[in-house]
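Me: I would like to go through this model term by term. For each label, tell me what value stands behind it.

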Amino acid sequence: MSKRLKASNYINSTRNPNREKTFINKINGQRFIINDVQIMKYKRNKLITSFLKKYISNSKYTMIEIGVDFNSTKHISNILFKLKRQLKKIGITVLGYVWLVDRGEYGGMHFHLVLAIEKINIKGKKLPKEFKLKFKGTRIHSAMVTNKPRLMNYLLKKEIYYIGKRKRVYGKSRKFL
């Protein structure tokens with residue numbers, strides 16, 4: 001059974017549920033109601049968990065966390081294209097990535113992008129200059145992930161936001177299946 005709710009969504013706000021599904025256990029008659037936002041959050045968290053667990057357990061991978069403000073771009077593909085081109089220059093290939101949309105304390109929307117690459121030796125805990133990007137004059141934050149379980153817990157707690165009709169709010173690379 002599916003029922004449409006009357007809640008409306010506003011751009012750059014926490015997503016309100018539009019539909020809910022009712023599941024009935026035929027044996028004992030117990031009902032279980034779940035909405036579309038809960039389903040979306042479950043799928044996103046499952047994706048993030050499987051991605052990070054693959055790269056957390058093995059120390060031969062380096063993970064980079066990148067934060068991109070919506071003022072720079074509203075399409076993560078632009079950043080990924082530029083970043084992959086920069087990394088290709090120094091011979092680093094991206095093994096996989098996962099991203100999601102978040103809202104900051106003061107209402108600013110931004111992307112969280114987590115890259116998995118081959119282990120790199122970094123002198124002085126500074127990233128190579130290829131990770132320090134500027135896009136349309138705005139500096140893009142990038143840092144090495146030192147505490148991978150903490151990052152996973154941080155990303156899993158994030159809400160689902162509404163950024164427009166049929167706009168994706170999380171995603172993954174095609175290499176990581």
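Reply: Contact is the term to settle at the start: it means heavy atoms within 4.5 Å. This is a predicted model, in which local features need pLDDT of at least 70 and side-chain atom pairs count only at pLDDT 80 or more, while totals for chains, interfaces and linings use all residues. Residues are numbered from 1 along each chain as its sequence is written, and side-chain values use heavy atoms, with hydrogens and water left out.

Me: What do the buried residues of helix 2 pack against?

Reply: Strand 5, strand 6, strand 7 and strand 8 (134-135) are the partners of the buried residues of helix 2. Helices (H or I, at least four residues) and strands (E, at least two) are DSSP runs numbered from the N terminus. The protein has three helices and twelve strands by that count.

Me: Which residues of helix 2 are buried, and what puts them on the same side of the helix?

Reply: Ile76, Ile79, Leu80, Leu83, Gln86 and Leu87 are the buried ones. They cover an arc of only 135 degrees around the axis, and therefore they sit on the same side of helix 2. The arc is taken from the directions that run from the helix axis to the C-beta atoms. Buried means under 20% relative accessible area, exposed means over 50%, and partly exposed is in between (1.4 Å probe, protein chains only). On the other side of helix 2, Phe81, Lys88 and Lys89 are exposed.

Me: How do you know that the length of helix 2 is close to the expected one?

Reply: The expected span is 1.5 Å times one less than the number of residues. Helix 2 (residues 76-89) has 14 residues, and from its first C-alpha to its last it reaches 20 Å, close to the expected 20 Å. Gly91, with a positive phi near 85 degrees, follows the helix.

Me: What makes the span of helix 1 agree with expectation?

Reply: Helix 1 has 21 residues, which should span 30 Å, and its end C-alpha atoms are 30 Å apart, so the two values agree. Its buried residues are Val37, Arg44, Asn45, Leu47, Ile48, Phe51, Leu52 and Tyr55. Seen down the axis, they fall within an arc of 160 degrees, so they line one face of helix 1. Tyr42, Lys43, Lys46 and Lys53 are exposed on the other side of helix 1. The buried residues of helix 1 pack against several elements, among them strand 4 (31-35), helix 3 and strand 12 (170-172).

Me: Which residues of helix 3 are buried, and how do you know that they share a side?

Reply: In helix 3 (residues 148-156), they are Lys148, Leu151, Met152, Leu155 and Leu156. Their arc around the axis is only 130 degrees, which puts them on the same side of helix 3. They pack against helix 1 (36-56), strand 5 (61-69), strand 6 (94-103) and strand 7 (109-118).

Me: Why is Met63 called buried?

Reply: Its relative accessibility is 1%, so Met63 counts as buried. Met63 lies in strand 5. Leaving aside neighbours within four places in sequence, its contacts include Phe51, Leu52 and Tyr55, as well as Val114 and Lys148.

Me: Why is Asn12 called partly exposed, whereas Arg166 is called exposed?

Reply: Asn12 has 33% relative accessibility and so counts as partly exposed. Arg166 has 81% and therefore counts as exposed. Asn12 lies in the loop between strand 1 (2-4) and strand 2 (13-14), and Arg166 in the loop between strand 11 (161-162) and strand 12.

Me: What is the phi of Asn12, and what is that of Arg166?

Reply: Asn12 has a positive phi of about 65 degrees, although it is not a glycine. For Arg166, also a residue other than glycine, phi is positive and near 60 degrees.

Me: Which residues does Phe32 touch, not counting those up to four places away in sequence?

Reply: Phe32 touches Lys21, Thr22 and Phe23. Phe32 lies in strand 4. Between Phe32 and Lys21, eleven residues apart in sequence, the C-alpha to C-alpha distance is 8.2 Å.

Me: How many of the 177 residues count as buried?

Reply: The share is 42%. Among contacts between residues at least 6 apart in sequence, 65% join residues at least 24 apart.
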